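Work through these exercises with the model open beside you. Try each task before you read its solution.

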Amino acid sequence: MDKDPILRIKDLKVSFQSGKKFVPAVDGISFDLRDGEILGIVGESGSGKSVTSLATMGLIPSPPGKIENGEIIFEGRDLKNISEKEWRKIRGNQISMIFQEPMTSLNPLFTIGNQLMEAIKLHTDLTKIQIKQRCIELLKLVGIPRAEGILKEYPHQLSGGMRQRVMIAMAMACNPKVLIADEPTTALDVTIQAQILALMKDLNQKTNTSIILITHDLGVVAEICERVIVMYSGQIVEQGDVRTILKNPQHPYTIGLLKSVPDLRGKKERLYSIPGTVPTPGSIHKGCRFAARCSEVLSQCYEETPQLYKTEKDGHEVRCFLHTLKGSDKHVGVTS
Ligand code: ADP
Ligand code: MG
């Protein structure tokens with residue numbers, strides 16, 4: 001039997017106030033993070049990835065935000081309604097997060113040592129000497145060789161890649177069970193990006209920390225994730241094993257994302273981008289949210305809202321009517 005997931009998100013709906021109305025930025029998403037896995041969440045900017053991760057950390061700004069519905073079950077306990085005091089025991093200790101731009105998360109006025117020690121002090125009751133030892137251990141864990149030297153430096157003295165390693169060290173300070181990495185490599189150049197991804201894979205294997213890796217790039221997911229969730233306009237449009245989805249994507253949106261991955265198979269092609277943009281929250285009232293941009297659109301797609309349909313592959317689900325038409329005369333086929 002499968003073990004219980006470490007984290008289960010059930011029918012999560014998060015809205016933001018806009019004028020007198022609340023409009024949903026995340027609209028009924030459900031997924032499991034299994035113990036020890038790396039799960040990818042992919043989608044263009046504005047699809048609700050960061051809102052999902054902030055909700056999972058108890059960090060939705062309220063107002064203007066509000067969790068309207070759903071459950072956030074961590075190790076069997078629903079976190080949705082716990083107090084800020086209880087969140088503080090979980091955040092950083094059990095569930096940690098790293099962000100895209102480490103410069104905004106590190107304080108420019110304090111040394112790396114100061115900030116790393118502070119993070120450890122906040123969550124443990126180690127002595128000063130033990131804290132220093134833990135700092136060096138953590139910096140080594142994230143592949144910073146001259147750990148002693150770095151402790152005395154300020155954030156601006158480090159390269160972007162090194163700063164991100166420091167942020168990962170901070171997030172790992174208390175051996176969290178879950179690490180949420182929100183676009184951790186987006187601000188970095190390609191070589192450094194590959195190194196940080198390799199580091200996350202290594203940490204996952206060494207420490208068994210379960211990781212949610214958020215990115216707009218399916219190429220990043222292909223590097224280190226086992227399963228992937230594709231989000232569009234606040235909903236999951238496809239999910240499943242990375243291998244299945246890369247080999248046989250079913251949703252026209254996923255197919256578009258895959259075509260826009262730079263150089264996935266070593267071929268140099270002109271970079272494709274899906275025409276149009278993600279609709280703003282609340283702007284679509286019926287039909288498929290991707291219809292206006294979809295090259296396979298049917299008249300039905302403007303009228304009815306597709307469900308997440310299970311495909312023949314275990315755990316692979318797709319929110320597209322094309323799937324229901326498979327095998328029938330009406331099927332227009334998915335371009336690949
Ligand atoms: P992603 O991370 O996928 O790029 P986000 O989760 O940041 O997207 O945002 C999804 C949508 O949620 C945005 O398009 C925006 O409309 C809304 N949103 C996010 N944060 C806020 C906020 N603080 N106030 C109002 N709206 C927000
Ligand atoms: Mg984001």
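**Exercise 1. Contacts along the chain**

Among contacts in the chain between residues at least 6 apart in sequence, what percentage join residues at least 24 apart?

*Solution.* Start with the ground rules. This is a predicted model, where local features need pLDDT of at least 70, side-chain atom pairs count only at pLDDT 80 or more, and totals for chains, interfaces and linings use all residues. Residues are numbered from 1 along each chain as its sequence is written, chains are lettered from A and ligands numbered from 1 in the order in which they are written, and side-chain values use heavy atoms, with hydrogens and water left out. Now take the contacts between residues at least 6 apart in sequence: 64% of them join residues at least 24 apart.

**Exercise 2. Overall form**

*Solution.* Step one: count the elements. Step two: compare sizes. Step three: read the extent. The C-alpha trace spans about 70 × 50 × 45 Å along its principal axes.

**Exercise 3. The shell around ligand 1**

Which helix gives the most residues to the shell around ligand 1?

*Solution.* First, list the shell. Among its residues are Phe16, Glu44, Lys49 and Pro281; each has a heavy atom within 4 Å of the ligand. Then find the helix: α1 (residues 49–56) gives the most, with three residues. Finally, look at oxygen atoms of ligand 1. A backbone N or O atom of Ser47 lies 3.1 Å from one. For Gly48, a backbone N or O atom is 3.0 Å from an oxygen of the ligand. In Ser50, a side-chain N or O atom lies 2.9 Å from a ligand oxygen.

**Exercise 4. One threonine**

Is Thr244 buried or exposed?

*Solution.* Locate Thr244: it lies in helix α10 (residues 242–247). Apply the cut-offs: buried means under 20% relative accessible area, exposed over 50%, partly exposed in between (1.4 Å probe, protein chains only). Thr244 has 14% relative accessibility, so it counts as buried. Check its neighbours: leaving out residues up to four places away in sequence, Thr244 touches Pro249, Lys313 and His316.

Definitions and conventions. Polar contact = N/O pair within 3.5 Å; in protein donor to acceptor, adjacent residues only side chain to side chain. Helix = DSSP H or I, 4+ residues; strand = E, 2+ residues; numbered from the N terminus. Contact = heavy atoms within 4.5 Å.
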